[in-house]
Amino acid sequence: MASRESQNLELKKIFQAYFNKGKLWEHDENPVQILVNIVDCLRTPGTTTAFDLTGLIALLEENEVLRNNFIEFINSLFAQNDFVDLITDTGMLRDESFFKEFTLRFYNLILPYQGKINSTKYILSQVFNHSDDYQSILLIPYGDLYQLFNLLEVPSIDTQFSEKSSLSQLIYALKILTLRLCGKAIESETLRMVPTYNNINSPFLAFHNELESIKKHITKNQQLADSKSLDYKQLHVLLKQCEEYIDLAYKNSNNLGISLSLNKNLARMRMQLMRIEELIPLIHGDTPQDGKKNTIDLYLKLIQYNAQRKNLKSFISETTQLFAYEITSQTAETGKKYISEHWYDYGKMFYKAAGGGVIVGILCIIKVLLSKLDVSDFGQAVLYSLNYSLGFIAIYLTGMSLATKQPAMTASTVASFLEADMKKAPHIKNKYNQFAAFFARLIRTQFVAFLGNILLAFLVALVGIFLLEKYMNIEIGKEKANLLIHDLNPIESLALFHAAIAGVYLFISGLISGNRSNSDKYYKLPQRIKNGIWTKKRFGLKRAEKISRFYEHYYPGLVSNFWFGVFMGTTASVGKFLGLNLDIRHITFSSGNFALGAFGKDFILSYYQIFWSLAGIILIGFINFAVSFNFSLFIAFKAKKIPGGELRNIISSIINYFLKKPLDFIFPPIRKQEDNSELI
């Protein structure tokens, strides 16, 4: 209370010093600082609470001289009432590159650009210089704001129709936004995403024309638009059509692909539409009270937009969402095949995982053989990378499965399922129950894939090393046995850290696949191969079509698996070069290595070694899955704009489902349940 009283006393001193009959504010070299000092007296120190206007209102009511001089001061200060750029540019995504925009926002965060001296942007930047000022202003009781605007005799927006009036600037800003929207909407890159609009009038152009009509009506009749008029209603209809236009463009990206630049353009168009939607209500009014309310709302919006100019966190979030959408727009459909519903799908997944385990078992043996070659670290990295890459490509082309590749592909499918549940009404109880059942299907599919991988990798590696030693007299297990067993121990080695590195690589390989698939569709590379003059002349029409289909269906996966192999094969050599203990641990390879180590030690293992080796394999698999899935899920959540606050309800639904049906997380239910696959 003492602090508030002292602030009110300071406020009175400022007013008596500058706004008495002497009008000292007219002789001050920096009049904006006077307003800064006044606003400082209205804040509640150290808290994000409402600005307290009671002292200021009481002061203005009690002393007419101070009030009249303060009104004159405010009118003089805002004589250059230009705020068009605050509406059209501030807080919007720009055409610049990420790093240029990031640099601009960073400078605005630490050294904010204030705008031209004495402009509206400059004054607002100087006065509301605390990061939480806008939140504090929103908390001010509306009655206090209304009373303050009356005391300051702020002209109502519905009484100003001159060229430089607030209403004229507002309408001009809306016009600029609509013209920018029209330009972007009719660009060939944008029209390509919405072919249904190619032969019909653009809703953006129609919106612009309707806004021009309303502007003429306001100028002619010297009054705000009637909210019940046909023109104003038509404006909202067209606004909705513009939103549907952008939604359709995003929807078509699943089939047509999308570039980062186009994604950014669509996101900027959506932001501009949102701003227009926020400001359109300010140009209509049916009663005198509406005009005053619109005036207050306009100034609140200007303060809000000015506060957004240095929001670095918001920019990073927006850019991450753009990037996330681009790389995940193609993986949701792919992820469906990695989620089993019935026993047939469950068994089929085990079969595919077993096939992947066979190939990995062979790769384990080849890697040990390669380690015996006398080559440089670079040569070893090349050989290991080729071993991994060719093996992963073989798994991919034969239709087999590597269990840990699934999380990166299924995360987008999970997000799509959640997005469908998110659209349900908030009051629906247990709206995530269907997702919990879906998640159980995901986990049991991952479980059976792990099982198939590790069992066959172990058996194939064991049989392979036995055959090499028995029939070819090649001993590869004894020399490496102790190291192979040691590297599985999560207590004595960095197995779990190395497993996390492998999880990151799995995540990155999923991004590569999604990005490659999206780029191929956006640039129409399969169609170029199929219809290209050179390809048809060189291979013939039928072969060109086959090459096109192969490229479309397999190339993204080939690129992804190749780079995954390179990441896996080069990590240890890079670690040696940097002097760091870097390596990878993968659950399926760990199973094969356990077989090689056990055989090399003639199966003479202590209970301690057996326990920690098996525990290590399980924990490595968990870390592989958890790291890859969580990173992928984060990106998918960003792409679908699913708020993190929903996680609590989601996790609660999963736990409740597990407590009721724990076996569903391991085996498909015996009785056929309702098929929810169409919701994915």
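The following is a conversation about a predicted model, on why its features carry the labels they do.

Biologist: What makes up the secondary structure of the protein chain?

Modeller: The protein chain has 29 helices and zero strands. Buried residues make up 50% of its 680 residues. Take contacts between residues at least 6 apart in sequence: 83% of them join residues at least 24 apart.

Biologist: How do you know that the span of helix H12 agrees with its number of residues?

Modeller: H12 covers residues 203-221, which is 19 residues. At 1.5 Å a residue they should span 27 Å. The end C-alpha atoms are 27 Å apart, so the two values agree.

Biologist: Which residues of H12 are buried?

Modeller: Pro203, Phe204, Phe207, His208, Glu210, Leu211, Ile214 and Ile218.

Biologist: Why are they said to lie on the same side of H12?

Modeller: Because they cover an arc of only 165° around the axis. In general, an α-helix has 3.6 residues a turn, so residues three or four places apart point the same way. The face of H12 turned away from the buried side carries exposed Asn209, Lys216 and Lys220.

Biologist: What covers the buried residues of H12?

Modeller: The cover includes helix H10 (166-185), helix H13 (230-256) and helix H14 (260-279).

Biologist: How does helix H27 compare with its expected span?

Modeller: H27 (residues 587-600) has 14 residues. Its first and last C-alpha atoms are 20 Å apart, close to the 20 Å expected at 1.5 Å a residue.

Biologist: What makes H27 "mostly covered"?

Modeller: The count does: 13 of its 14 residues are buried. Asp602 follows H27 and has a positive phi, near 55°.

Biologist: How many aromatic pairs are there?

Modeller: The count is 30.

Biologist: Why is the pair of Phe51 and Phe128 called tilted?

Modeller: The ring centres are 6.4 Å apart, and the planes are at 35°. Pairing needs centres within 6.5 Å; stacked means under 30 degrees and edge-to-face over 60, so an angle between those limits counts as tilted. This pair links distant parts of the chain, 77 residues apart. Phe51 is in the loop between helix H2 (31-40) and helix H3 (54-62). Phe128 is in the loop between helix H7 (120-127) and helix H8 (133-138).

Biologist: Why is Phe51 called buried?

Modeller: Its relative accessible area is 6%, and buried means under 20%. Therefore Phe51 is buried.

Biologist: What makes the pair of Tyr346 and Phe667 edge-to-face?

Modeller: The centres are 6.3 Å apart and the planes are at 65°, so the pair is edge-to-face. Tyr346 is in helix H18 (residues 343-371), and Phe667 is in the segment after helix H29 (647-660). They are 321 residues apart.

Biologist: Are Tyr346 and Phe667 buried, exposed or partly exposed?

Modeller: Tyr346 has 6% relative accessibility, so Tyr346 counts as buried. Phe667 has 37%, so Phe667 counts as partly exposed.

Biologist: Which residues form one aromatic cluster?

Modeller: Phe15, Phe19, Trp25, Phe70 and Phe73.

Biologist: How do you know that Lys470 lies over the face of Tyr471?

Modeller: Lys470 is at 5.8 Å from the ring centre, and the distance cut-off is 6 Å. Likewise, Arg538 lies over the face of Phe539, at 5.4 Å from the ring centre.

Biologist: Why is Ser389 called buried, and what does Ser389 touch?

Modeller: Ser389 has a relative accessible area of 2%, so Ser389 is buried. Ser389 is in helix H19 (residues 377-397). Beyond residues up to four places away in sequence, Ser389 touches Asn561, Phe562, Gly565 and Val566. A polar atom of the Ser389 side chain lies 3.5 Å from the backbone nitrogen of Val566.

Biologist: What makes Ser165 buried, and which side chain is joined to that of Ser165?

Modeller: The relative accessible area of Ser165 is 4%, so Ser165 is buried. Ser165 lies in the loop between H9 and H10. A polar contact of 3.0 Å joins its side chain to that of Ser168.

Notes. Residues numbered from 1 in each chain as written. Predicted model: local features only at pLDDT ≥ 70, side-chain atom pairs only at ≥ 80, totals over all residues. Heavy atoms only, no water. Helix = DSSP H or I, 4+ residues; strand = E, 2+ residues; numbered from the N terminus. Expected span 1.5 Å × (residues − 1). Buried < 20%, exposed > 50% of the residue type's maximum accessible area, 1.4 Å probe, protein only. Arc of directions from axis to C-beta. Contact = heavy atoms within 4.5 Å. Phe/Tyr/Trp six-rings, centres within 6.5 Å; stacked < 30°, edge-to-face > 60°. Lys NZ or Arg CZ within 6 Å of the ring centre and 35° of its normal. Polar contact = N/O pair within 3.5 Å; in protein donor to acceptor, adjacent residues only side chain to side chain.
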